[in-house]
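Trainee: I would like to learn how to read aromatic rings and the charges around them. Can we work through a case together?

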Amino acid sequence: MPRRTIGFFVLLAAFTAVDRPRANVRGYDPRALLHAMASAADGVRDYTMTLVSQEWSGDGLAPPEKLLTKWARPFKVYFKRLTAPHVGREILFAEGWNNDKLKVSVHAWPINVGVNVNPHGELAMADAKHPIDESSLIYLVGMVLDNFRRAEKRGEAMAEDRGHETILGRECHRVRIFTSQTLTTYTLLRGETLWDVEKRFEGAMAPILHANRDLGWTTPSDAKPGQTIRVPRYYAARIDLWIDDVLSLPLVAEIYDERGAMFERFEHRDLRVNVGLGPQDFSPANPAYRF
């Protein structure tokens with residue numbers, strides 16, 4: 001079982017002592033909402049949605065990117081880009097399939113070509129801060145719980161119940177999580193990559209890239225041995241979640257750094273879970289796809 005999957009079930013167990021909240025109650029322990037979110041994520045076998053993603057670019061958040069998304073266990077994902085650039089570009093990935101490479105559609109009139117790409121390589125990361133294995137709703141839930149659990153263990157976390165709000169046309173409960181974020185300096189060794197640093201510090205690539213944005217990197221491959229970099233202790237200093245009252249899953253997540261700047265925002269529109277996705281949904285032979 002992959003390390004991140006094992007970690008998610010450990011996090012789930014840490015929240016099982018809290019009763020599931022009722023959606024019409026105000027002012028209860030926000031840990032109950034986090035527990036409900038963990039339980040709901042554990043029960044997701046597959047989902048479809050339109051992902052609206054904004055990541056830090058330059059001096060602020062980039063314009064929203066929309067992607068039609070399908071996901072299923074064991075880890076399989078399909079993305080279709082709905083916004084420029086590369087409208088219509090499709091990506092397929094499944095653990096243990098295609099030599100663990102991304103299948104990416106390249107549309108060059110009059111033909112479409114499917115190319116295989118290293119998921120952690122320069123091409124795959126050129127327009128993204130998240131590698132494919134850190135891009136799912138289930139990963140987001142696990143990251144939030146890990147962020148809170150590790151910080152709370154050190155007495156460096158606080159969670160607030162912010163009440164009910166209607167967002168994306170659905171009733172949600174808003175939860176805000178604070179952590180006392182700190183940055184550690186680290187010098188890259190010969191032969192070491194940012195992916196090695198991510199594993200060493202049990203971190204994630206997106207906040208590492210954000211913390212070192214002044215170095216001018218465009219992909220993780222731009223980091224060089226001998227560079228002194230900053231590594232965040234936690235994923236974020238503040239995370240705001242709008243957790244759907246029915247699904248108990250986050251429909252919106254806003255993620256802030258230690259300076260109070262939002263460096264990521266995600267919307268999960270038209271989220272449908274356990275819809276019964278099958279092998280054809282994750283096959284380049286699907287007649288609806290253009291690989």
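Trainee: Which charged end sits over the ring of Y78?

Mentor: A charge sits over a ring if NZ of Lys or CZ of Arg is within 6 Å of the ring centre and within 35 degrees of the ring normal. Here the charged end of K70 is placed over the ring of Y78, 5.7 Å from the centre. K76 does likewise over the ring of F282, at 5.9 Å. This is a predicted model, where local features need pLDDT of at least 70 and side-chain atom pairs count only at pLDDT 80 or more, while totals for chains, interfaces and linings use all residues. Residues are numbered from 1 along each chain as its sequence is written, and side-chain values use heavy atoms, with hydrogens and water left out.

Trainee: How many aromatic pairs are there?

Mentor: Rings of Phe, Tyr and Trp (its six-membered ring) pair if their centres lie within 6.5 Å; planes under 30 degrees apart count as stacked, over 60 as edge-to-face and the rest as tilted. The count is six aromatic pairs. In one of them, Y47 and W71 have ring centres 5.3 Å apart and planes at 15 degrees, so this pair is stacked.

Trainee: Are Y47 and W71 buried or exposed?

Mentor: Buried means under 20% relative accessible area, exposed over 50%, partly exposed in between (1.4 Å probe, protein chains only). Y47 and W71 are both buried. Y78 and Y289 form a stacked pair, 4.1 Å centre to centre with 10 degrees between the planes. Y78 is buried at 1% relative accessible area, and Y289 is buried at 9%.

Trainee: Which residues do ring pairs link into a cluster?

Mentor: Y78, Y289 and F291.
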